[in-house]
Amino acid sequence: MNEISVPMPSEEKFIDKLVQINNQVEKSKITNVYFALPITDKDKTTFEQNRLYMSKITDFDYWKKIINYARDKGFDFIYLLNSPRPILYESPYLFTQLDKLDKLINKLRSEDLKKLRIANIQLMGYIAKHYPDMELYTSTSFEYTQVKQVQNLMTLFPQIKQIVPSHEVNKNFKFLKTLRKQYPNLSIEIMLNEGCLGGCPFRFWHAMGVPTIYSPKVFQIDEDLSPKWFTKNCYSIGDVFDQICHSKNIYPWEVEEYSKIGIKNFKLVGRGYKDFNDGTYLDYYLQYLKGIDNYKNIEDIELKYFIHHLIQTNLKVKVKDIKSYLPNIKHFIKNGHLCASICGNECRYCAKCSENIKKHLKNINW
């Protein structure tokens with residue numbers, strides 16, 4: 001069975017909806033919810049990569065009721081300290097951050113919440129030293145793409161429970177097989193629907209640029225100095241079909257290929273969109289998991305609902321109309337380890353797929 005991790009909903013009724021989703025699918029189950037206090041929360045540490053904005057001010061006590069409700073419904077919980085921003089020794093705010101971290105970890109401990117997903121290796125070292133009872137999970141924001149990087153990390157922190165490789169190596173099957181073979185007891189989680197640009201030149205900087213302190217002024221300055229710059233440029237490199245074909249996004253019908261190599265932990269994203277808070281986004285999770293069960297369940301669904309990056313676009317093409325033209329996962333099982341070296345030069349497979357789509361789907365609204 002595939003184990004799926006999703007963002008924790010902000011209301012108990014939407015946690016009930018996750019239970020309902022699990023009751024409608026067979027090959028996968030949502031088993032974990034992940035969460036970071038929103039940017040407006042009084043107890044956040046600012047070591048979080050905040051993707052959730054709440055109009056009201058909250059604190060940990062507000063959220064612990066929802067966390068415990070999720071646990072009572074059978075979902076495991078992981079807290080995100082996943083900002084890759086460096087530790088700034090010269091910052092007078094650092095001591096406040098560490099004080100907030102101490103208080104939050106002790107609040108998590110008091111509820112027997114021990115799992116932390118971390119994106120800053122110095123912070124990981126600090127927590128491993130001062131809070132050895134906490135379980136360490138790495139964030140995809142480490143952006144590890146090499147076996148040796150993982151080997152060195154595991155030498156430093158052999159207690160790590162799970163790694164999430166960079167989105168860039170989602171379809172590097174040689175890399176994933178090697179990790180699975182070398183670390184049979186280490187959980188490897190793969191991001192499914194992220195949909196970032198293949199070879200994104202600013203993915204790491206985007207993660208670092210996510211605000212950790214709420215300030216309206218951030219959105220009033222030059223757009224090119226604000227987080228909006230990254231989103232704007234996500235849409236400026238190639239057209240939508242170039243982006244789709246070069247992305248390392250994983251589609252529901254491809255998940256079984258990962259199960260075959262012993263990887264059964266996956267992550268769905270979406271907490272940064274406004275329709276996550278009203279529960280709409282959970283319907284996309286249902287469709288994704290139904291698609292893992294059987295492709296026929298989703299052939300009439302618009303493709304964009306399986307690509308987080310494109311959900312808010314006007315792309316109207318249905319899965320059944322484009323699936324045969326998309327890059328085939330079999331190509332990457334054989335050649336995925338070469339993408340970083342020869343894409344666009346010796347190999348134009350994905351570019352040709354994009355050209356084919358535009359040739360055969362001329363009337364699609366995109």
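**Entry 1, the model.** I'm working with a predicted model.

I looked up the volume of the largest pocket and got about 1,400 Å³. Its lining has 49 residues, and R51, H206, V210, T231 and G272 are the closest to the centre. Which helix gives the most to this lining? I found that α8 does, with 4 residues. Helix α8 spans 228-234, and α7 (203-209) and α11 (274-277) also supply at least two residues each. Sorted by class, I get 23 nonpolar, 16 polar and 10 charged residues in this lining.

I see 35 lining residues, with G198, G199, K248, C339 and C343 nearest the centre. At least two lining residues come from each of α9 (240-246), α14 (329-335), α15 (339-342) and α16 (349-360).

How do helix α1 (residues 12-24) and helix α12 (residues 281-293) pack? I noted an angle of about 15 degrees, with the axes 10 Å apart. Angles under 35 degrees count as roughly parallel, so α1 and α12 are roughly parallel to each other. The crossing of α1 past α12 is right-handed. On the α1 side, the contact uses F14, K17, L18, I21 and Q24. From α12 come L282, D283, Y285, L286, L289 and D293. I sorted the contact residues too: 7 are nonpolar, 1 is polar and 3 are charged.

Terms used. Residues are numbered from 1 along each chain as its sequence is written. This is a predicted model: local features need pLDDT of at least 70, side-chain atom pairs count only at pLDDT 80 or more; totals for chains, interfaces and linings use all residues. Side-chain values use heavy atoms; hydrogens and water are left out. On a 1 Å grid over the protein atoms alone, a cavity is a set of points where a 1.4 Å probe fits but cannot get out, and a pocket is an open set with protein on both sides within 12 Å along at least five of seven lines; lining residues have an atom within 4 Å of a point. Grid points are joined across faces, edges and corners, and a volume is the space filled by probe spheres set on the points. Ala, Val, Leu, Ile, Met, Phe, Trp, Tyr, Cys and Pro count as nonpolar, Asp, Glu, Lys and Arg as charged, and the others, Gly among them, as polar. Axes are lines fitted to C-alpha atoms, for helices over the stretch in contact, and angles run from 0 to 180 degrees between N-to-C directions. Angles under 35 degrees count as roughly parallel, over 145 as roughly antiparallel, 65 to 115 as roughly perpendicular and the rest as oblique. A crossing is left-handed if the near helix is turned anticlockwise from the far one by less than a right angle, and right-handed if clockwise. Contact means heavy atoms within 4.5 Å.
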